[in-house]
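Open the model in your viewer and keep the selection tool at hand.

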Amino acid sequence: MTRECAVLLPGVCAALADPRQPGLDDTCLEKLLDWFRSLTWFDPTVELVQDNPCLTELISSVLALPDPSPSILSFTLQLAGILASSESRFQHLQQEKLLGRLFGREGPRGGAAWEDASVRSAWAKGVHSMLHHQPALPFLCSSGGMDVIFALQGDPSLFVASAASQLLVHVLTFSLESETSKALSAKDCDWPVCAQMIVKHIHESLESSSASHIEQSLKLLSSLFSSCFGSCYAAWTKVLWSDIAKQIESFLLQETVQAQPLLANLLLNVARSPVFCGTEGSFWALVTSALEHLTPVQAGPLAVGLLKLCKCPQDVRIQALTVLLQPMDCILRAASQPLEFAGLLDESVSDPGTVESLLSSKTTCAGLLCQTLAHLEKLLSLKHLRVDLPCVSLLRSLMTILQLCNGFLSPTSPLGSALSRNLINCSRVQKSALDVLAALSEEKDCDTLVGSLFDVLLAYLQSPNTSPTVLKKTFQATSKWLVRLQELSCSNSQGQQPEKILEDVFVVLQKRLCSPCWEVRDSSLEFLTAVVKCLRDQQQFRQCLLSSEVLRLTENLLEDPESYVRASAVTAVGHLALVTCFAPEPPGTGSQYDKESIVAKLQEILSADSEGFPRRAVISIFTTWLREGCPGQLQDTEQFVSRVIQTVQRDLDWEVRLGGLELVEVFCSQTICQLSQCPYAPVPSAVSSSSPQRELLQVFCRARLFGFLFGSLCDCDKPVGQRACDVLVGLRGHFYPMSTLENPLEIEDSPAGRGIAWLQRTLRQGSVAQNFPTDGGAEVDFQDAESMMLALGAIDLLELHDELNKSSDHVEESPQSLLQDILATVGTIEDNEVDCY
């Protein structure tokens, strides 16, 4: 603790204990507790409380109040727990007879203040903080604290109940720390006292007739097995599990037990424990039983969790996959006509009638399918899935769901008819199915169904009944499968099919680009951008694109009344220009796109559009073009960058200015590569007279880079200043590779040096100098190569970098400032001493 804080602390403690003072803001109290946590973390000695007796005086004063406010009492409980976190301070507070009055029987838990949930929560947090040394455990047990924690497990406040559960996990694991070296077995178990009380409580709760007690114990067990208990205390884990396994098994078989959903989470957490990573029979038999007896909705999360485990036995893994595929199997069987496709599964894990019943019901059908589809999408995203998914049958099932949802399929079976009624226009299921459909495009086994799949996708793209959100998902799935289609086309396995599909897609895209709904126009442009990025080098795709009206319609949308659409149009036009204007082999005069016209239109949007989204999109596209080397020769690029910078530096949107800096960074990197023999070669000397270095500086000066970069250092938006400083530090590293900085005192006598000194002073003002003069009003010429070389060498850019990267609250949120604010709030210091933040 600093001397300044030690001087302020007694006044703060006195103010906190004074009932006449107005209550402090909870945020101030939390910050004060955070400060004490950091103090006690780095210094476990007793000196903190001995050197600052005001802390124990504060606790005594609050305890002496007949009716302390809940906020001050809560603060005191947590503060005492933090102070008692080391054994020496714990013993000191015990000698002062304070801990028993706070956490013992004579404490607040019997008074009126206990009715406030914040006090109960603070009690649990205080005990949690205190339990970091062995003497705290017997204190907790002898003071009746364990019974309080058990009661708080069922507290009506979820925050209190959660704190109590976390505390019990901590007590059990902490009490076992000194016992880990003992050899244990199920027959020879001697739990420490606190742990014994918790285990006994768990047993009694599981065997009680109270559903809430059973639920609390199952939640506690899940927390225990998911914490380090499962991995650090293997022997104890086995003992605990062997004690409760029979009871858990009985719950699985009792349909009346309401806590069955918690059983799946418990079993999954136990399965994750290294103790059960082998193929030991009894535990995995219980998991198999759970997959059979839990409802499909309850078993789904357990199944997908098991499939993610590395060491789950293969037979259990196959059963888990079967649970997830069962709803898809039912749908495929219900919708198939006689003699058509079979389902996905040869046999079921649980009764198929249960799944059919859920799918037949309007209230449960969509929920079950959405959960199942979400689990399947998660599995498809895994890099190493240890079971084989029947991808072809799964894809066929997804197509069936989508056809049922848009009314294109009317099966005659009873279940099929019910599915038709339940799923028609169900956007939740449609979106989930399309997500899985997109994920399946990465699988290599579905090639034979590509034609039928695009029939389904095109039906959605063409239908006026497709909602905008579903259409967006359809476009996303279509773009993924178009990429897959082109891969198949290259292997000549699809004949003329890809060309016909592409033509159909562009026909429907033209229609959607003219939609009266702005969300549809926006999704259409996003789709167009996505496919151009992936397929622009494919000749078949280019031909279909150029023979359609898509180019003209997209360019028209640059003037759309909706700013989101204009932004998406800018992005689409920018990527289309890579096909039509900047391609190595331009498509010719019929391309409808003229390079100068497109550049001029985008520059007009950058300088004149009233909304930020389109302007951000323009600067992003210009940067993309620059990375692709599109503007052409160095002189053309230099003029292009210069024009963009002069527009961007006046923009009121900080993200546009930040985008301008990214453009500059790319330009600098490319120019250095072009004008240097090797892009990574060091410059021979600090101020080189060699032609490449001189030419490099002159290019940057002609492009007006330095005025923009140094001006951005004073930007009122910190990310802009930080990025500009990064670019300048990079440039300084190129021109001064050995950090041979000029001495500002030696160069200040020259005219250029005086300008650099002015620039240094201006930069120290930071955002106060945000109206940075760059057009002749400055005392330094930003277009003079010699001056800029001096600036890069003389100005301490690393110091500026550190200043810009400091948190804005590095002063205001210091402990000293916090203590001053508290004293100011209670009126004990003058107003002008307050740190208002």
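**Stop one: helix H6**

Select residues 87–95, which make up helix H6. Within H6, Arg89, Phe90, His92 and Leu93 are buried. Look down the axis: these residues lie on the same side of H6, because they cover an arc of only 160 degrees around it. Bear in mind that this is a predicted model.

Now step just past the end of H6 and pick Lys97. Check the backbone there: phi is positive for Lys97, at about 55 degrees.

**Stop two: the whole chain**

Zoom out and colour by secondary structure. How many helices and strands does the chain have? The count is 43 helices and zero strands.

Next, colour by burial. Of the chain's 837 residues, 54% count as buried. Then turn to the contacts between residues at least 6 apart in sequence: 72% of them join residues at least 24 apart.

The accessible surface of the chain is about 37,500 Å². Carbon and sulfur atoms account for 50% of that area.

**Stop three: a surface patch**

Stay on the surface and select Trp518, Tyr564 and Phe613. What kind of patch do Trp518, Tyr564 and Phe613 form? It is a nonpolar one, and together the three residues have about 270 Å² of accessible area.

End on Trp518. This residue sits in helix H28, which spans residues 518–535. Is Trp518 buried or partly exposed? Trp518 counts as partly exposed, because its relative accessible area is 30%, and buried would mean under 20%.

Conventions: Residues numbered from 1 in each chain as written. Predicted model: local features only at pLDDT ≥ 70, side-chain atom pairs only at ≥ 80, totals over all residues. Heavy atoms only, no water. Helix = DSSP H or I, 4+ residues; strand = E, 2+ residues; numbered from the N terminus. Buried < 20%, exposed > 50% of the residue type's maximum accessible area, 1.4 Å probe, protein only. Contact = heavy atoms within 4.5 Å. Areas by Shrake-Rupley, 256 points an atom, 1.4 Å probe, with all protein chains shown as cover. Patch = residues over 30% accessible without salt bridge, like charges linked within 9 Å, V, L, I, M, F, W, Y side chains within 5 Å. Salt bridge = Lys/Arg side-chain N within 4 Å of Asp/Glu carboxyl O. Arc of directions from axis to C-beta.
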